[in-house]
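Here are a few exercises to work through with the model open. Try each task before reading its solution.

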Amino acid sequence: SGSGLQIKLIGRARAGSGFNTRGVLAMRWSRYNPYYLEPEVRKEVYDKPETELSDEEKEEQSLKALRPIKAATNSVTSSVFHDPVISKFINMMMKHGNKVLAREIMTETLELIKRKQVEKYHKAPEGKREEIECNPYAIFHQALDNCKPVVGLTSIQKGGKYYQVPVPLTDNRRRFLAMKWMITECRENKHRRTHMYEKLSQELMAASMKEGNVFKKKIELHKMAEANRAYAHYRWW
Amino acid sequence: MALHRMPLRLRQTVTHVRWLHTSGLGQQQEALVVEPEPEPFSVFRTQQNDPASQSEKHIGQFYTIPPADIRTLFPHGLPRRYQQQVKTFTEAAVMVRQPALEVISYLKETDMSKPAQRYMFYGLKGGGKTLSLCHAVHFCYTQGWLVLHIPDAHSWVKNCKELLPSSFNASRFDQPLQATEWLRNFKITNEPFLSKIKTRQRYLWTKRELTEEGSPLGELVDQGINRVKSSSDVVGALMKELRQQSGQPGCDFHLAVAVDGVNALWGKSSIQKEDKSEVDPDELTLVYNLRKMMRNNWTGGAIITTLSHTGAVYPPKLAYLPQELLGERGFDNMDPFIPVSVPYYSEKEFESCFLYYMDRNWLQHPMSRTEEGKKEIIFMTDRNPSLLDRICAFL
């Protein structure tokens, strides 16, 4: 199924509750019956002629004629410029559901990064031009990659005391931490009179160069994890 | 065309461009066959930087305004986003478009003995009216005319920080800050004329300050810049002098009055008096004097104006035509004028703009350089120049 459903295991059997044949109930986020199919927005899928479809794809297509389809959310597009990482970042920056403002900030950030780099590019002599990265999307992805921690720390209780134990992180968790640190750093630790897009562009450019506070935070987390290596065997999963 | 000398990624677009508009490029091809090709050759740029020699075959191509001209002529004239673009691309490239060429051709044939002709650029939001005005003003500057450029008449009827009662006429109000700023920019633009033109009247500013008859215009302007309190009256006096002197047998200058957002003069204002009652634009000295300038009772020059919906104070929502934006009073005052429509980019102009952005390394998203991305951009912007600029800014 599309996005992971938060599931709740049926605890006690209560009289008169009937029984759920599936054994699990969807509690958070998606309230759709699992019977519903995800909407397909990519243009390439529909451009393929009948002959080129494989058997599974033919089966999926026949299923679409029978099963109901979930309504598409506002953020899915068939645009060629769609980037899921940027969409996730915009959602994390959003406050009180004001997606318009969050998107505006993101586009202004990308514009400012590009402006600074293109100006540098035009003022640089011929030999130095290839080294200057003008693509704001490349800088954004590079900055996030540089800020993603490899291991994290969790609190595990052993013998009455709590220890900080280094633990591997899933990809989603790493991406989330990098984005969260970036946003909180820009919101809290900068001068109050600067715009968010200025603060973000400075921090993103610094992170892509492996400098800046967010990169430092990641390095410190790695150091702490290295220091607590001795407790790694406390983890049982 | 010298396809073997062009970078690979431009070659495909060039052939695509060729199919769309054979007429314009066909002429260029003939010209090329005769002479050795100029280097570097590009479809979207022209080396003809003098507005006077630009013609129909340059439509859609970009010409560069030299930095010295930008500093003198446009200390305050260019739109804000365009100024940022000039700073980023380290050059000021303006597209040669049909409306500006039309007005320039009329300006070339103006009869200096007839009353001043009024031209008005109108069109939908973001169409390119202000830049067309700047193109026409650049032409006037290169021909040696005296340029009276009011960059945004809307800024005179809103957000006024200081409003003084006028010393000249008790029922009117002065705006010292806006007047001094404009005078400073006027001085930068028209430096050479300030010493040549002499005043024909004696002006008494206060009991001790006066400007004698026959003193150079520069003294008048300095008086306004130094004595902020009388700056609005100085602006009025300056306009009156220029109006009276232009077209006379003895004078050696042509006067170009360029106003951006002329519908502000006859619209509403958002300035309030101390008792919170609204100030009518009639009661502002600057607006009153500028309205007198807009009348065609003087000779020896031209009046080029733009309508503007974006900066206007409480305009009707979907209005863009002259009658709708000027209102009854404004239209009656401005009538007769030559309306010039400024549409969105044509296909050829859009291609040219796209190639220019690619040349300046502005389109960075890998998909924006493909055909599909281009189709999507056309769909999103409908070839509106300002929307195209805003969307390509983050792509």
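**Exercise 1.** Find which residue of strand 2 of chain B stands opposite B:Ile65.

*Solution.* B:Ile65 sits opposite B:Ala92. Strands here are DSSP E runs of at least two residues and helices are H or I runs of at least four, numbered from the N terminus. Next, look at the pairing: strand 1 (residues 62-65) of chain B runs antiparallel to strand 2 of chain B, with four bridges joining them; pairing takes at least two DSSP bridges. Finally, check the side chains of strand 2 (residues 92-95): B:Ala92 and B:Val94 point one way, B:Ala93 and B:Met95 the other, and all are buried (under 20% relative accessible area, with a 1.4 Å probe and protein chains only).

A word on the model: it's predicted, so local features need pLDDT of at least 70 and side-chain atom pairs 80 or more, while totals for chains, interfaces and linings use all residues. Residues count from 1 along each chain as written, chains are lettered from A and ligands numbered from 1 in written order, and side-chain values use heavy atoms, without hydrogens or water.

**Exercise 2.** Is B:His365 buried or exposed, and what does it touch?

*Solution.* Start with the place: B:His365 is in the loop between helix 13 (347-359) and helix 14 (371-381) of chain B. Its relative accessibility is 8%, so B:His365 counts as buried. Now the contacts (heavy atoms within 4.5 Å): leaving aside neighbours within four places in sequence, B:His365 meets A:Val80, A:Phe81, A:Asn135, A:Tyr137 and B:Leu395.

Terms used. Buried means under 20% relative accessible area, exposed over 50%, partly exposed in between (1.4 Å probe, protein chains only).
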